[in-house]
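Subject: The structure for you to look through

Dear colleague,

Here is the structure I promised to hand over, with the sequence beside it. Please keep both open while you read the notes that follow.

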Amino acid sequence: MSSVPIELVDILRRLEPDFDFEGPLPKVRSSSGKSYFAKIGSTSEEEQYVGETRSLQEIDKAAPGLAPKVVSAGNLENGKPYMITEYKEIGHLTDKGAAMLGKRLATELHAYKSPDGKFGFDVPTFCGATKQPNGWYESWDQCFSVLLGNLLKRLEGKSQYRDLCRKGEEIRSRIIPKLLGELEVQPVLLHGDLWSGNIGLDHDTKEPFIFDPSSYFGHNEADLAIGRMFGGIPQSFFDTYHQHFPKANPVEQYASRCDLYELYHYLNHTVLFGGGYAGSALRKMDKLLASW
């Protein structure tokens, strides 16, 4: 007897009518030889599933094959969200694979612009467990300020984060306008959470593969931030990326922009995990405030 929930079997049989399916989830094996990645969430997770589905669909438009292709997604009869994608065996990212990823990101994903020239996204997405409400903004500095402000709101009212929130608001009012206000950037599609744990190498094709996105249309440089913070991504990725997508002008402010974009993820990790991430966020703030 199949260990795959019957509701998913019914959906999969619409795709492959003459075959059987075995689990357990998340890997579903078809008697045709194909495999799928499938998951079912709780009704409270519907926004997460919609956000991930929309992110993957947009990435597939921008860079086909770079992320899992959504086969089916929506809500089951009981209201629970589900998602089925192609299944990939993923291995460790090599230097060669990292260089390939850098090129694909620069020339495909980050060449894909929002349809109306605005920054943001049409549905909320989730960076880890943190909801990014998104929406649409005319300028990048406004969009990024709102993203940062959403994190600060989640830390407000906690005495241990009083100084962090005060300096965070100063970053929003003083530093973001200076660094991003006059920046000439296009709103391009971002993965949104591109750290080493969300990157790998397709076991069969040896091509780079990315997953678990939290997408929105923003400044391309923001997509490189979390990968620098936590390591694990070969330098060939960054070198090749900037060969194909040069740093924005003014180039001399690139390091400060990196600090600003990394600050977002340090704040998000403070929201998610607390601990030493608040100290890392404060150090980034102090550096930016002292420099500008």
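A residue is called buried when its relative accessible area is under 20%, and exposed when that value is over 50%, with partly exposed in between. By that rule Asn134 counts as buried, because its relative accessibility is 11%. Please bear in mind throughout that this is a predicted model.

Backbone

Asn134 is found in the loop between strand S9 (130–132) and strand S10 (135–137), and its phi is near 65 degrees, a positive value in a residue other than glycine. Lys206 also has a positive phi, of about 65 degrees, although it is not a glycine, and its place is in the loop between strand S12 (199–202) and strand S13 (208–210). Lys206 counts as partly exposed, because its relative accessibility is 47%. These angles are worth a look, because most residues other than glycine have a negative phi, and most peptide bonds are trans.

There are cis peptide bonds to find as well. The bond from Leu25 to Pro26 is cis, with omega near 10 degrees, and Pro26 lies in the loop between strand S1 (21–22) and strand S2 (27–30). A cis peptide bond also joins Asn249 and Pro250, where omega is about 0 degrees; Pro250 lies in the loop between helix H7 (235–244) and H8.

Domains

The domain assignment of the chain gives domain 1 (6–86) and domain 2 (90–291), and the centres of these domains, taken over C-alpha atoms, are separated by 27 Å. How many residues of domain 1 are in contact with domain 2? There are 18 of them, and they touch 23 residues of domain 2. The size of an interface is often given as the accessible area lost when the parts come together. Between domain 1 and domain 2 the buried area is about 1,700 Å², and carbon and sulfur atoms give 66% of that area. The count between the domains is six residue pairs in polar contact, and the count of salt bridges between them is two.

Nonpolar cores

The largest nonpolar core has 70 residues, and those with the most contacts inside it are Trp140, Phe144, Ile171 and Leu267. Helix H8 (residues 254–273) gives the largest share of this core, nine residues, and the core draws at least three residues from each of domain 1 (6–86) and domain 2 (90–291). Apart from this core lies another, of 12 residues, among them Ile11, Leu12, Ala38 and Leu76.

Salt bridges

The side chains of Arg54 and Asp122 meet in a salt bridge, at 2.9 Å from N to O. This pair links distant parts of the chain, since Arg54 is in helix H2 (residues 46–62) and Asp122 is in the loop between strand S7 (119–121) and strand S8 (125–127), 68 residues apart. Asp122 is partly exposed, with a relative accessible area of 42%.

Asp202 and Lys88 also meet through their side chains in a salt bridge, at 2.9 Å from N to O. This pair too links distant parts of the chain, with Asp202 in strand S12 and Lys88 in the loop between strand S5 (81–86) and strand S6 (90–91), 114 residues apart. Is Asp202 buried or exposed? Asp202 is buried, because its relative accessible area is 5%, whereas Lys88 counts as partly exposed at 27% relative accessibility.

Another salt bridge joins the side chains of Arg166 and Asp163, at 2.6 Å from N to O. Both residues lie in helix H5 (residues 162–180), three residues apart, which is about one turn of the helix.

Finally, Arg228, Asp259, Glu262, Lys284 and Lys287 are linked in a network of salt bridges. Of these, Lys284 has its place in helix H9 (residues 277–291), and Lys284 is buried, because its relative accessible area is 15%. Leaving aside its neighbours within four places in sequence, Lys284 is in contact with Asp259, Glu262, Leu263 and Tyr266.

With best wishes

Methods:
Residues numbered from 1 in each chain as written. Predicted model: local features only at pLDDT ≥ 70, side-chain atom pairs only at ≥ 80, totals over all residues. Heavy atoms only, no water. Core = buried A, V, L, I, M, F, W, Y, C linked by side-chain atoms within 4.5 Å. Buried < 20%, exposed > 50% of the residue type's maximum accessible area, 1.4 Å probe, protein only. Helix = DSSP H or I, 4+ residues; strand = E, 2+ residues; numbered from the N terminus. Domains from an automatic or database assignment. Contact = heavy atoms within 4.5 Å. Buried area = accessible area lost by both parts, 1.4 Å probe. Salt bridge = Lys/Arg side-chain N within 4 Å of Asp/Glu carboxyl O. Polar contact = N/O pair within 3.5 Å; in protein donor to acceptor, adjacent residues only side chain to side chain.
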